[in-house]
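Subject: Structure for you to look at

Hello,

Please find the structure below. My notes on it come after.

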Amino acid sequence: SRRLCRSTMSAQEQQQAQPPLPAAAAPSEAAELDAANRYEAVVPHWFYCKVTDSRERWIPFSTQDSERLEEAHGSGRDKEDLVVPTSGGRYDVHLKKRQRVAVYWEEKVSEVRRCTWFYKGDKDNKYIPYSETFSKELEEAYMIAVTLDEWKKKLESPSREIIILHNPKLMVHYHPVATSDDWGSTPTEQGRPRTVKRGVENIAAEIPNGEPLQIDHLVFVVHGIGPACDIRFRSIIQCVNDFRNVSLSMLQAHFKKAQEQQQIGRVEFLPVNWHSSLHSTGVDVDLERITLPSINRLRHFINDTILDVFFYNSSTYCQTIVDTVASEMNRLYQLFLQRNPLFKGGVSIAGHSLGSLILFDLLTNQKAAPEEDEHSEEGSRTTSSNRGIEEVKEILKKLELSEYCDVFEKEKMDRQALFLCTEKNLKEMGIPLGPRMKILHYISSKTEMQCRAEPGSPLQRDLDSTDDGRNCQYRDVGLGQVSANYPQLNYKPTIFFAFGSPIGMFLTVRGVKRINPNYSLPTCKGFFNIFHPFDPVAYRIEPMIVPDLEFEPMLLPHHKGRKRMHLGKVKGSPSPPALCSCCSPQPDTDPSCLSELKEGLTRMSVDLKNNLLGSLRVAWQSFTRAPLPAVEAASTDAEAEAEAGVEKQPDTKPDETPAAVKEEASLVNVGRLNGGNRIDYVLQEKPIESFNEYLFALQGHLCYWESEDTVLLVLKEIYQTQGITLDQPLPGSQ
């Protein structure tokens, strides 16, 4: 039971429990105590407990959420089963049960606590809140001490822990001695005291302000192989949380005007998990029986991750995967609309690695609404007809029968109609015997070639030769897909973003050598293929549309408007190819790039020194963290001089993309897959990554979740559909 000792402690206890204060500090301390005699109620803040690897961590709610919870608590309705949405509506807090429950995905329920008093923990020196009941006792004792100016109060917690209130500035917490000690030792014998703090403002907790309530756009994010999505083996939920947090900071940095004018709110990102559903089918048990016992960890890692690629190429498990992804996105969409009935924005989808291929296959098998098909056909009928007649003229020209072009044009004969012609039809058109034989022979030879090219499978389109006389075929992008019944989505995605995607490779392996420039996804008009230059899983898409033209992918501009430094050739290793001329080493390197390189090296050296045993893992993580604003702002004298030197040369603009490169990039026609816009976008590698591209290959495939450049492109394209642009265009961007 709890005991509140309101009596004054003995002189011996006071001398042992409180260290003597310096005589010089006595007057100032007395002044502070006099000022503290006016009692003010403590301001509570709400926290929730996150358990990671059996370690508890208390995390504060945002200021916005805490005020909402406190308002509900103060209304007296917390005795009911009142539910308060928090974290942008992704979590509900059940006030009576003091529980935080995930809305859109499965997650362990977290304890919620209304916190006023805290003590410093043993392991990581982070403050831990007392229970609400004991905090009330502490607050009551504090109020009496302040009001009566009677300190040296002692409280005993249920676990025999002692808390002593010396004065408003000094409150300590003592651990109990071993349970076998029944003699009631004095507090000084209880080991090293821990600091006690009253009020969240005294513990230096990082409390976010909260997220905008208005949601402008919804994005579903599908993961790739395995349950872990990054180098730190975190789940898709945690990685999407990072992506969302980066998006909020990018909105504040690059859409500030639109935010101030209340034109935009935020973009919501929701994770889609299919891995757990696949591996709950019992296939893991079947694999366990046939897995060899040697190199156990490696084999289990392969079974849990790499085999997902083979599962997707199996008709049985492919059906499970596409059903799970489609049904989960439809479920999330309906649930989101229920919780946000005023939502009028669009929906986009994003996929990482294998997840992007799953989404691509789903999108290629969506069915457009009949009215859209009719409208599209009506709008393009004249163009298609004219193109078909021109194709027939080219064929006749090749057969040296140009004099009959007017006859075929009069009969409105296009390519498809020509291949359906019989000898009788040609005779009725007035074509003589010789030309008839030439045309029939041409039709026969083309039909045989088509059958040999793909036995038993219809070709979507067989366009004839180009100027050099070679035959090229555009095959259906759905060619070679695993036989499955692809479900339909309940919405039409605005844009499809692919991160580190192997779509191009899979299409090639399936037999699709070229993509028709006129092809577009049936229900999605936007498609962006974003990749890191060292990503070993990523492949391009544009060369499959324009194979005869060599051109580089679009270089994503740095989110701060600069270009990263490329170090050029390292001794003993081949120099990395420049993505374009703007990426070549510049004589006047941006000092901010040097600062970024220095930050990466500094973080690594500090991590190696502070944690030698875990140096490899920690040092690797240090490169994945975003640069600290404080470090970035604190430039050295040398950097300041370098910046001044750059300012003295106004004519030198290394950050600007050459006009020729911009013009060349804008003139490339990559078809309708992204509405006539460029598809392939490459990130700029960090300065530290330029040392060895093989060392950072794995990190290159897992870097997208915290990449400001990637997030900024996603936001830019989404808000561009709403007519909202960046505050200032970034150099090198379209």
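This is a predicted model: local features need pLDDT of at least 70, side-chain atom pairs count only at pLDDT 80 or more; totals for chains, interfaces and linings use all residues.

The protein chain has 26 helices and 20 strands. Of its 734 residues, 46% are buried. Among contacts with a separation of 6 or more, 71% are between residues 24 or more positions apart. The chain exposes about 38800 Å², and carbon and sulfur atoms supply 53% of that area.

The helix pair is α5, residues 236-254, and α26, residues 708-720. Their axes are 9 Å apart and the packing angle is about 65°. Angles of 65 to 115 degrees count as roughly perpendicular, so α5 and α26 are placed in that class. Their crossing is right-handed. On the α5 side, the contact is made by Phe243, Val246, Ser247, Met250, Leu251 and His254. On the α26 side, Glu708, Thr710, Val711, Leu712, Val714, Leu715 and Tyr719 take part. By type, the residues of this contact divide into nine nonpolar, three polar and one charged.

Is Ile541 buried or exposed? Its relative accessible area is 2%, and buried means under 20%, so Ile541 is buried. Leaving aside residues up to four places away in sequence, Ile541 touches Ile503, Gly504, Ile515, Phe527, Asn529, Leu673, Ile679 and Asp680. One of these, Ile679, is 138 residues from Ile541 along the chain, yet their C-alpha atoms are separated by 7.2 Å.

Regards

Technical notes. Residues are numbered from 1 along each chain as its sequence is written. Side-chain values use heavy atoms; hydrogens and water are left out. Helices (H or I, at least four residues) and strands (E, at least two) are DSSP runs, numbered from the N terminus. Buried means under 20% relative accessible area, exposed over 50%, partly exposed in between (1.4 Å probe, protein chains only). Contact means heavy atoms within 4.5 Å. Accessible areas come from the Shrake-Rupley method with a 1.4 Å probe; for residues, only the protein chains shown count as cover. Axes are lines fitted to C-alpha atoms, for helices over the stretch in contact, and angles run from 0 to 180 degrees between N-to-C directions. Angles under 35 degrees count as roughly parallel, over 145 as roughly antiparallel, 65 to 115 as roughly perpendicular and the rest as oblique. A crossing is left-handed if the near helix is turned anticlockwise from the far one by less than a right angle, and right-handed if clockwise. Ala, Val, Leu, Ile, Met, Phe, Trp, Tyr, Cys and Pro count as nonpolar, Asp, Glu, Lys and Arg as charged, and the others, Gly among them, as polar.
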